[in-house]
Each structure stands twice: as C-alpha cells, then as structure tokens.
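Please keep the sequence and the model open while reading.

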Amino acid sequence: MTERPARYGFQTRAIHIGQEPDPHTGSVIVPIHATSTYAQDGVGGLRGGYEYSRTGNPTRTALEECLAALEGGQHARAFASGMAATDVVLRSLCRPGDHVIIPNDAYGGTFRLIDKVLSQWGVEHTPVAVSDVDAVRAAVRPNTKVLWCETPTNPLLNIADIAQLAEVAHSAGAKLVVDNTFASPYLQTPLELGADVVVHSTTKYLGGHSDVVGGAVITSDGEFAERVAFLQNAAGAVPGPFDAWLTLRGIKTLGVRMERHSDNAERIVQALTHHPKVGMVLYPGLAEHPGHEVAAKQMRRFGGMVSFTVHGGAEAALRVCANTTLFTLAESLGGVESLIEHPGKMTHASTAGSLLEVPDDLVRVSVGIEDGEDLVADLLAALDQA
Ligand SMILES: *Cc1c(COP(=O)(O)O)cnc(C)c1O
C-alpha cells in the first residue's frame, strides 16, 4: 500500500498509509513500540533497521509515513512539539548572517523563537504582511534564505497566496516554508502549490483531541530531508511512541472532523455577522474577507478558526471569553471541543509592544465538532453579557 499512495483519496491515506497490520501478530492497529533499544543479530545486524529510539522507532515511522502521504511529500519527520519542528527547520536552513521573512501576525511562539533565540545566533528577520506579495518581494534581501508563511494566519486569519510566495522565494534563491497547522493537510497541501517545506503543530487538528503535543516537518527535497533527519537525531526532540500513536489515531478521522469543524464555523460566522455587539468577523470563507478569493483557490474549505472583535474594547472581549459554557477558556486549538481565548492576553501576549501586537478587543474561537446550534446559542448568550 505504501508504494503508490497517490492512488488513494485523503481518508484512505489517513487510515492506511504506514499502518499495515503488524506482520508478526496481525494487530490491525500499529503497536505502541515502547522500547528504547533493539536486539541485534551480531554487531550491526539490525532486524528491522532500528537500533535506538531517538534515531528511529516503528510507531514514529508509521506516523511519519502517514504524514508524508497526507501532505503529498516524499519525507516526513515527527517531533516532540510544533516548536521543536520549527526550530529544526530554521536551524537546517539558516546560518549566521542569513535573513528570514516572517508573517507580521506569525504564531507567537514562532516569533519568539526567531526574535529571542535565533537572533542571538546572528539570524536576522523582517516581519511582513505575507498576504501582500509585493511587500514580501520588497522585503527580500541578498541574504534571505527563508520565507516563512502561515495561512490562514493566527489569530487574524489573513490569507497568503502560497503559489505566488513560492515564486518570490525561488526567484530569490530562498525556500518557502508553510506552517500548515491552521488548515491541516485535509484543507490545503502547500507542497503541491510549490512550497518547499511544510511544518505542523500536530498538537492541533492532526492530533485533534487536545491530548498530545507534537510537531512535524514534511518535504520532497531529499537533501533538506537529510538535514532534518540529522538534526532530529542530533538534537533529539522526538515524540515518544505513545505520543506518536495518539497522533496517528487522531489522524484517522481528520477528514471527517475538518468537514464538521468547517460546517460549525460557518454557522457561527453567520450568527456573528451583523450582531450588534460584534465589530469585525474574520473568516476566510466570507466573500468580503480580503483573502477569500485566494483561500477559495487553495483551500478545500475554510476551517474551524474564527476571530472577531467585540464592541467595548478589551473588557468586553474578556467578558465574552469568561461567560461561555461550552467554549472552554483555553489556549491551543484544533480539538473536537470548542475553545475560546483572548489572543492579546493569552497566546499572543509575547507580541505586546512589537509590530506583531494583536488588537485587544479580539476574541478567537476554535470551533469544535459539537452540535452547531448549541455552540451558536452559547456564544450568543456570552455576547449578551458582554
Ligand atoms: C501551536 C502552534 C505552533 C506551535 O506548536 P506546539 O505544538 O505548541 O509547539 C506553531 N504554529 C502554529 C500555527 C500553532 O498554532
């Protein structure tokens, strides 16, 4: 089955690639290979290609093969978190004196890593609105090695044109990296649009159940893949076998979940639009969203993330966050349960005072897969109290 993944549809790949029944026992589900080391038949006589679990583990391999197939890439590597994956990509691509272009509303942790850690090692960066291709082109320098992109962005749901950014990056001799966490490979496959590398926080939609933290790097560039594999082993930020297993288990329902997340988000967007207490509703599925056309071109649907501003400033936004019942006040996103948060005080607090600061009347919801009418009623009740 692994030889010709392109033949299969998305859900078939999610359920089968890398996950054949165990040849020794017939176990239909990939076992949790909880072992640090592997018996050798004589020195160097490896039975299944495994010698030590930092370097490789069969449960992790199953996850990596499945992730590669879902993104349409040749190679995937799994990490202990999305930030570990991000760190390895940046350290594989950048040397002191190199320059990185990042979204001006990048994920807060990505911004922190580049601004506070990589800068100490001599890597420069420029935050740019990646939805504006001309602005990105203007930010390119002779030493630009990486164009980093998120689309939709977090938490403002801006849309970047992946195919156009790939052209800008490649004509500058740089690589385009897409953090595909918000869309998931069900909604968007950046490698097929020309991106060189896809990064994921598998903590979010891929895992999908808010029970595991993980990350992944997917690419079809063999040379880059080797550097990622080298750093995965050399630095060692690997997921344990149970984490890999949980993520793989979540992935099996990704397509079904993303359809339902999108259905529920559309209902919520409809209820918030023109609501007297709501200012802007940010959702790429809205025809008036500035990125709608590009999103419609490169995404299958528009996903489960919705942000909106509340009349009455930060206090009103915080009251909405405090007064929902079904939407749990929490960071993170992409799980089956609905979450609500205040980016300015929570996920994006580290951007305060910087160019990347988010509006303080902004609320972000990660719409779960509960019954849509219950979610709408819960949000409307909280808005009543705002
Ligand atoms: C959560 C997230 C990350 C970081 O992933 P962790 O698994 O929390 O380390 C990176 N990018 C985006 C868009 C995210 O939402």
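A cavity is a set of grid points where a 1.4 Å probe fits but cannot get out, and its lining residues have an atom within 4 Å of a point. The model described here is predicted. The structure holds three cavities of 30 Å³ or more, and the domain assignment gives domain 1 (10-251) and domain 2 (254-384).

**Domains**

- The centres of domain 1 and domain 2, taken over C-alpha atoms, are separated by 25 Å.
- Domain 1 puts 39 residues into the contact, and domain 2 puts in 44 residues.

**Largest cavity**

- The space in the largest cavity is about 50 Å³.
- Its lining consists of Pro-152, Leu-157, Phe-182, Ala-183, Pro-284, Met-299, Phe-302, Gly-303, Gly-304 and Met-305.
- Eight of these lining residues are nonpolar and two are polar, while no charged residues take part.
- Domain 1 and domain 2 each supply at least three residues to the lining of the largest cavity.

**Largest pocket**

- The largest pocket holds about 580 Å³ of space.
- It is lined by 22 residues, of which Asp-22, Pro-23, His-33, Tyr-50 and Pro-58 are the closest to its centre.
- The lining of the largest pocket comprises 10 nonpolar, eight polar and four charged residues.

**Second largest pocket**

- The second largest pocket holds about 440 Å³ of space.
- Its lining has 27 residues, and Met-83, Tyr-107, Gly-109, Ser-201 and Lys-204 are the closest to its centre.
- Two or more lining residues come from each of helix 3 (82-93), helix 4 (108-117) and strand 6 (197-201).
- Helix 4 contributes the most to the lining of the second largest pocket, with four residues.
- By class, the lining of the second largest pocket splits into seven nonpolar, 14 polar and six charged residues.
- The second largest pocket lies between domain 1 and domain 2, because both give residues to its lining.

**The loop between strand 4 and helix 6**

- Pro-152 is in the loop between strand 4 (144-150) and helix 6 (162-171), and it is also one of the residues that line the largest cavity.
- The peptide bond from Thr-151 to Pro-152 is cis, with omega near -5°.
- Leu-157, in the loop between strand 4 and helix 6, has a phi near 60°, a positive value in a residue other than glycine.
- Leu-157 has 2% relative accessibility and therefore counts as buried, the cut-off for buried being under 20%.
- Leu-157 is also among the residues lining the largest cavity.

**Two other loop residues**

- Ser-210, in the loop between strand 6 and strand 7 (215-219), has a positive phi of about 55° although it is not a glycine.
- With a relative accessible area of 45%, Ser-210 is partly exposed.
- Pro-343 lies in the loop between strand 11 and strand 12 and, at 0% relative accessibility, counts as buried.
- Leaving aside residues up to four places away in sequence, Pro-343 touches Pro-155, His-348, Ala-349, Val-358, Leu-362, Val-363 and Arg-364.
- Between Pro-343 and Asp-361 there are 9.2 Å in space, C-alpha to C-alpha, and the two are 18 residues apart in sequence.

**Helix 12**

- Which residues of helix 12 (residues 313-323) are buried? They are Ala-314, Ala-316, Ala-317, Val-320 and Cys-321.
- An α-helix has 3.6 residues a turn, so residues three or four places apart point the same way.
- Glu-315 and Ala-322 are exposed on the other side of helix 12.
- The packing partners of the buried residues of helix 12 are strand 9 (305-310), strand 10 (328-329), strand 11 (339-341), strand 12 (362-366) and helix 13 (372-384).

Terms used
Residues are numbered from 1 along each chain as its sequence is written. This is a predicted model: local features need pLDDT of at least 70, side-chain atom pairs count only at pLDDT 80 or more; totals for chains, interfaces and linings use all residues. Side-chain values use heavy atoms; hydrogens and water are left out. On a 1 Å grid over the protein atoms alone, a cavity is a set of points where a 1.4 Å probe fits but cannot get out, and a pocket is an open set with protein on both sides within 12 Å along at least five of seven lines; lining residues have an atom within 4 Å of a point. Grid points are joined across faces, edges and corners, and a volume is the space filled by probe spheres set on the points. Ala, Val, Leu, Ile, Met, Phe, Trp, Tyr, Cys and Pro count as nonpolar, Asp, Glu, Lys and Arg as charged, and the others, Gly among them, as polar. Domain bounds come from an automatic or database domain assignment. Buried means under 20% relative accessible area, exposed over 50%, partly exposed in between (1.4 Å probe, protein chains only). Contact means heavy atoms within 4.5 Å.
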